[in-house]
Amino acid sequence: MRTPDLEKEFRKLENIIMSGESFFLAGHLNPDGDTLGSMLAISSVLKRLGKKVFLFSSDPVPENLSFLPHAAGIRTGRPPARRRFDAAILLECSTPARGGDLSAVLRNSGKVVNIDHHKTSELYGDVNILESHSSSTAEIVYRLFYSMNVSVTKTEAACLYVGIVTDTGRFHFPATSPRTLEVASRLLETGFKFSRINDLLYATKSFTALKVLGRGLERLELLAGGRLAVMSLERSDFVSLGASPEHTENIINYGMMVPGVKAAVLFREDGDRLSVTFRSRGHVDVSLLAKRFGGGGHRNAAGCKIKAGMREGRKKVIEGIQSLI
Ligand SMILES: [Mn+2]
């Protein structure tokens with residue numbers, strides 16, 4: 001993929017921000033800390049510049065991220081079909097469809113801006129701020145603010161920190177670079193409640209989420225001679241535990257803990273589809289497999305939804321992943 005010149009794209013976005021008045025901001029389906037943190041930080045800066053902002057997410061904000069400052073201001077459900085915006089800024093949507101059905105909004109927006117760090121991202125925006133070497137979108141957004149000479153407030157710093165710390169798995173994944181830590185350090189300097197946020201993110205889990213984790217671990221299987229860890233959660237599991245998909249967040253990482261495991265996959269029945277989450281280590285590129293099934297992501301963390309039942313879907317995906325490991 002041809003990567004657009006970042007500084008040039010920053011300048012283009014800065015012009016759009018300075019000349020526009022109304023902005024639409026949205027992230028991807030099943031929003032995560034990076035999407036939401038980046039979105040809320042940009043929204044706060046835009047508001048400080050006197051702009052009107054419409055914050056949108058097709059899917060609701062997960063319970064564990066509802067503490068994010070101003071998360072309650074994000075509208076969910078159906079996008080506004082008839083409103084006009086000077087610009088629509090999409091965060092972490094490798095294609096507009098990753099954000100849900102945003103076609104009407106994009107048609108009614110003067111400019112479309114795509115900000116992402118997924119290497120599968122397509123160049124659909126008038127401005128494409130793509131940096132696949134960045135740990136997170138929040139890290140790119142910090143650099144955007146820096147290049148615009150905007151200093152971040154405590155609240156904005158907290159939002160960007162959540163984006164970085166969640167996308168790097170607490171500064172653990174290989175995409176964590178010296179620059180990531182430098183940005184995190186700059187954010188900390190603002191004096192936001194760092195320890196409180198880490199507590200909310202990593203030492204707080206609902207009773208239901210703990211029970212789902214237990215069920216997932218009970219179902220954990222090792223395949224491909226111990227190189228592949230598989231977890232499957234069926235509709236009946238969600239019903240019996242009173243759980244929803246958001247309660248499965250991060251449970252796949254437990255599969256990766258087993259020594260010798262090169263990749264892990266979590267299957268979850270979701271209506272008439274099968275939701276598939278991948279994790280891998282090193283050179284095992286699960287994003288290619290996710291893309292083949294209509295999804296996307298990063299080399300070591302990706303996902304897709306396929307139109308298949310558990311048995312059939314599992315078979316196809318496991319066959320695909322076995323050729324990679
Ligand atoms: Mn991200």
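Close-up 1. The model shown here and in every other view is predicted. Ser 22 belongs to strand S1, which covers residues 22-26. Is Ser 22 buried or exposed? Its relative accessible area is 16%, under the 20% cut-off, so Ser 22 counts as buried.

**Close-up 2. Six strands form an open sheet with parallel pairing.** The order is S3-S2-S1-S4-S5-S6. Strand S3 (75-76) and S6 are the edge strands, and each pairs on one side only. Helix H1, residues 6-19, lies across S1, S4, S5 and S6. H1 runs at about 130 degrees to S6. Helix H2 lies across S1, strand S2 (52-57), S4 and S5. The angle between H2 and S2 is about 170 degrees.

**Close-up 3. Strand S6 is covered on both faces.** S6 spans residues 127-130. Val 127 and Ile 129 lie on one side, Asn 128 and Leu 130 on the other, and all are buried. In a regular strand, side chains alternate between the two faces of the sheet. Strand S5 (residues 109-116) runs parallel to S6, and four bridges join the two. Which residue of S6 is the bridge partner of Val 113? It is Val 127. Asn 114 has Asn 128 as its bridge partner in S6.

**Close-up 4. A manganese ion is held by protein donors from Asp 34, Glu 92, His 117 and Asp 167.** The donor atoms are OD of Asp 34, OE of Glu 92, NE2 of His 117 and OD of Asp 167. Along the chain, the donors follow the spacing D-x57-E-x24-H-x49-D. Asp 34 sits in helix H2 (residues 33-48), while Glu 92 sits in the loop between strand S4 (85-91) and helix H3 (103-107), so this pair ties together parts that are 58 residues apart in sequence. Asp 34 and Glu 92 are both buried.

**Close-up 5. Leu 29 lies in the loop between S1 and H2.** How exposed is Leu 29? Its relative accessible area is 27%, which makes Leu 29 partly exposed. Apart from neighbours within four places in sequence, Leu 29 contacts Ser 58 and Asp 59, and also Ala 97, Arg 98, Gly 99 and Gly 100. Phe 207 is 178 residues from Leu 29 along the chain. The C-alpha atoms of Leu 29 and Phe 207 are separated by 24 Å.

**Close-up 6. Helix H4 packs against helix H5.** H4 covers residues 137-147 and H5 covers residues 154-167. Their axes are 8 Å apart, at an angle of about 140 degrees. H4 is therefore oblique to H5. On the H4 side, the contact uses Ala 138, Glu 139, Val 141, Tyr 142 and Phe 145. On the H5 side, it uses Leu 160, Gly 163 and Ile 164. These contact residues divide into six nonpolar, one polar and one charged.

**Close-up 7. Helix H4 is largely enclosed by the rest of the structure.** Why is H4 described in this way? Eight of its eleven residues are buried, so the rest of the structure largely encloses H4. The buried residues are Thr 137, Ala 138, Glu 139, Ile 140, Val 141, Tyr 142, Leu 144 and Phe 145. Just after H4 comes Asn 149, with a positive phi of about 65 degrees.

**Close-up 8. Another open sheet has six strands with mixed pairing.** The strand order is S7-S8-S9-S10-S12-S11. Strand S7 (221-223) and strand S11 (296-297) form the edges, each pairing on one side only. Strands of a sheet pair through backbone hydrogen bonds, either parallel or antiparallel. S7 and strand S8 (residues 228-233) pair in the antiparallel sense, over three bridges. Val 230 in S8 is the bridge partner of Glu 221. Helix H12, residues 310-322, lies across S7, S8, strand S9 (263-270), strand S10 (273-280) and strand S12 (301-306). H12 runs at about 160 degrees to S9.

Terms used
Residues are numbered from 1 along each chain as its sequence is written. This is a predicted model: local features need pLDDT of at least 70, side-chain atom pairs count only at pLDDT 80 or more; totals for chains, interfaces and linings use all residues. Side-chain values use heavy atoms; hydrogens and water are left out. Buried means under 20% relative accessible area, exposed over 50%, partly exposed in between (1.4 Å probe, protein chains only). Two strands pair if DSSP finds at least two bridges between them. Donors are N, O and S atoms within 2.8 Å of the metal (3.2 Å for Na, K and Ca); water is not among the atoms, so sites may look incomplete. Contact means heavy atoms within 4.5 Å. Axes are lines fitted to C-alpha atoms, for helices over the stretch in contact, and angles run from 0 to 180 degrees between N-to-C directions. Angles under 35 degrees count as roughly parallel, over 145 as roughly antiparallel, 65 to 115 as roughly perpendicular and the rest as oblique. Ala, Val, Leu, Ile, Met, Phe, Trp, Tyr, Cys and Pro count as nonpolar, Asp, Glu, Lys and Arg as charged, and the others, Gly among them, as polar.
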